[in-house]
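Work through the following exercises with the structure open beside you. Try each task before you read its solution.

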Amino acid sequence: MTAAASGLARRLGDILGADGVLTEAADCAPFLVDHLGRCRGRALAVALPRTVSEVSRLLALCETERIGVVPQAGNTSYCGGGIPDDSGRQLVLSLKRLNHIRALDAGNYSLVAEAGCILSQVQQAAEAAGRFFPLSIGSQGSCQIGGNLSTNAGGVNVLRYGMMRDLVLGLEVALPGGRVLEGLSTLRKDNTGYDIKSLFLGAEGTLGVITAASFKLFPQPQVRATALAALPDVRAAVTLLGELRAASGDRISSFELIPRAAIELTTRHIPGVTDPLPGGNEWSVLCELSSSRAAEPLDALLEEALAAALERGTVRDAVLTRSERERAALWKLRESIPEAQRHEGASLKHDISLPVVALPDFVARAAPWISANVPDGRLVAYGHVGDGNLHFNVSQLPGADRERFLARADGVRRAVHDLVREFGGSFSAEHGIGVLKVGELERYASPVELELMRAVKRAFDPHGIMNPGKVLRREAAAADA
Ligand SMILES: Cc1cc2nc3c(=O)[nH]c(=O)nc-3n(C[C@H](O)[C@H](O)[C@H](O)COP(=O)(O)OP(=O)(O)OC[C@H]3O[C@@H](n4cnc5c(N)ncnc54)[C@H](O)[C@@H]3O)c2cc1C
């Protein structure tokens with residue numbers, strides 16, 4: 001360790017205690033690489049505060065010393081936002097010890113959680129009080145609330161409940177320099193000037209460190225009906241979504257597109273996953289209705305709606321789950337697609353969103369392009385199609401040369417993202433910008449948007465110490481942080 005680094009570690013130790021600072025290479029290693037091994041960095045140290053006051057004092061020190069601070073939560077995100085650069089001059093700030101549920105008010109349908117709480121911990125706390133916290137994503141056993149807020153996470157319940165932004169009532173944030181924004185309101189209505197909290201949601205740690213948040217809770221769903229329906233094409237998925245919304249009085253909470261390729265990958269690579277609808281159908285959707293009214297006959301409703309869709313030809317085949325075990329098996333199929341893709345080999349990933357009605361035409365243009373231009377890959381386009389979000393991924397074919405396949409990434413990304421723009425969509429639906437999509441943001445955001453984003457960054461973080469180089473390229477004045 002250099003003299004400067006050991007001096008900093010000592011001063012951090014004064015704030016955080018000896019066990020609050022990691023400097024040994026082996027201790028720091030897990031914090032320096034993302035879960036896909038795509039982004040790696042080095043750091044001066046890893047800080048593990050336990051309280052807001054410690055975070056605030058740490059930020060004051062780092063601003064004085066112009067040290068870049070990289071907040072890290074569960075380290076499950078896809079764009080490298082929580083990993084330091086390779087200068088070795090940044091500090092990783094892990095929130096994992098700031099992990100208490102501070103309050104739960106069942107009557108007010110609200111909960112206050114610290115940033116380091118694991119998402120499933122928050123879901124369970126709500127459930128124990130007879131309430132429902134609807135954010136649900138495949139990484140919920142390890143991602144943390146601070147990361148969910150900072151990426152504005154989406155997941156499988158967005159159709160009914162919205163993204164993380166829609167669930168937040170207030171935030172507590174430690175700002176560069178050490179001031180603390182104390183905004184843990186549980187009010188539903190509060191039109192008192194600019195909505196400052198909103199700026200931190202999806203900011204990926206570039207404006208401040210979220211230390212806690214207050215959330216809306218909902219009535220616990222009492223009944224669910226879940227089915228897998230096989231479809232002729234993506235247009236049928238959009239039609240079926242409309243039909244189910246109308247037939248169920250909008251009881252639909254999830255609507256996930258699953259292509260044949262994903263069923264083949266999961267049944268091949270994930271133990272216990274089976275194909276519930278063998279027959280070679282190109283597309284399926286996992287649809288789920290839910291209600292907090294126990295007497296609601298959702299199974300009958302879904303069965304009827306799917307039978308009608310079968311007659312009209314929207315649906316080719318369908319299976320309804322009859323037990324929690326069958327439901328879990330269907331969700332396992334859906335949730336294990338990313339893992340199955342990893343086992344298959346390399347992937348080119350695109351987290352895109354489009355107006356729902358544009359999805360069929362987009363896929364009709366993009367899929368043939370992939371077949372013609374990526375001979376060593378196979379399209380695996382799946383996702384939260386109920387809210388227009390497709391993980392438009394391409395998996396390496398077995399036996400293909402990994403490096404040659406990965407060398408196509410830039411060309412494929414450009415073709416896919418340009419087409420997304422032509423259809424009025426977004427190149428980043430729920431995974432954010434991090435370090436990997438900074439160039440994409442510069443390409444697709446308007447000059448006015450970029451100018452305003454840079455102005456916001458300067459207003460909150462004039463010395464550029466917060467997660468430098470993420471979301472926006474560093475400005476010359478902040479280049480040393
Ligand atoms: C199997 C799997 C399934 C997934 N499914 C989904 C899905 O359906 N929907 C979805 O949206 N995402 C999904 N993801 C991506 C990922 O889980 C989410 O982006 C999640 O919200 C990231 O949380 P995290 O705790 O891992 O954050 P991290 O990866 O640690 O950090 C993410 C960003 O937030 C910043 N940050 C972290 N904590 C704070 C804080 N306290 N204050 C300020 N900034 C902070 C970091 O600097 C970084 O920029 C999935 C990932 C996996 C592995």
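**Exercise 1. Find how many residues of domain 1 are in contact with how many residues of domain 2, and describe the side of domain 1 that touches domain 2.**

Solution. Start with the contact itself: 25 residues of domain 1 are in contact with 23 residues of domain 2, where contact requires C-beta atoms, placed from the backbone, to lie within 7 Å. Next, look for the elements that give two or more residues to this side of domain 1, which are helix H3 (52-65) and strand S3; helices (H or I, at least four residues) and strands (E, at least two) are DSSP runs, numbered from the N terminus. The largest share, seven residues, comes from H3. Finally, sort the residues of this side by class, which gives 14 nonpolar, seven polar and four charged; here Ala, Val, Leu, Ile, Met, Phe, Trp, Tyr, Cys and Pro count as nonpolar, Asp, Glu, Lys and Arg as charged, and the others, Gly among them, as polar.

Two remarks apply throughout. This is a predicted model, in which local features need pLDDT of at least 70 and side-chain atom pairs count only at pLDDT 80 or more, while totals for chains, interfaces and linings use all residues. Residues are numbered from 1 along each chain as its sequence is written.

**Exercise 2. Explain why the shell around the ligand lies between domain 1 and domain 2.**

Solution. First count the shell: 37 residues surround the ligand, and the closest are Gly81, Gly138, Gly146, Gly147 and Gly205, a residue being near if its C-beta atom, placed from the backbone, lies within 6 Å of the molecule. Then note that strand S3 (69-72), helix H5 (145-150) and strand S10 (209-216) each supply at least two residues, with the largest share, four residues, coming from H5. By class, the shell has 12 nonpolar, 22 polar and three charged residues.

**Exercise 3. Determine at what angle helix H9 and helix H14 pack, and which residues meet.**

Solution. H9 (residues 234-248) and H14 (residues 359-373) pack at about 170°, with their axes 8 Å apart; axes are lines fitted to C-alpha atoms over the stretch in contact, and angles run from 0 to 180 degrees between N-to-C directions. Therefore H9 is roughly antiparallel to H14, since angles under 35 degrees count as roughly parallel, over 145 as roughly antiparallel, 65 to 115 as roughly perpendicular and the rest as oblique. Val234, Arg235 and Val238 in H9 meet Leu359, Pro360 and Val363 in H14.

Key
Domain bounds come from an automatic or database domain assignment. Two residues are in contact if their C-beta atoms, placed from the backbone, lie within 7 Å.
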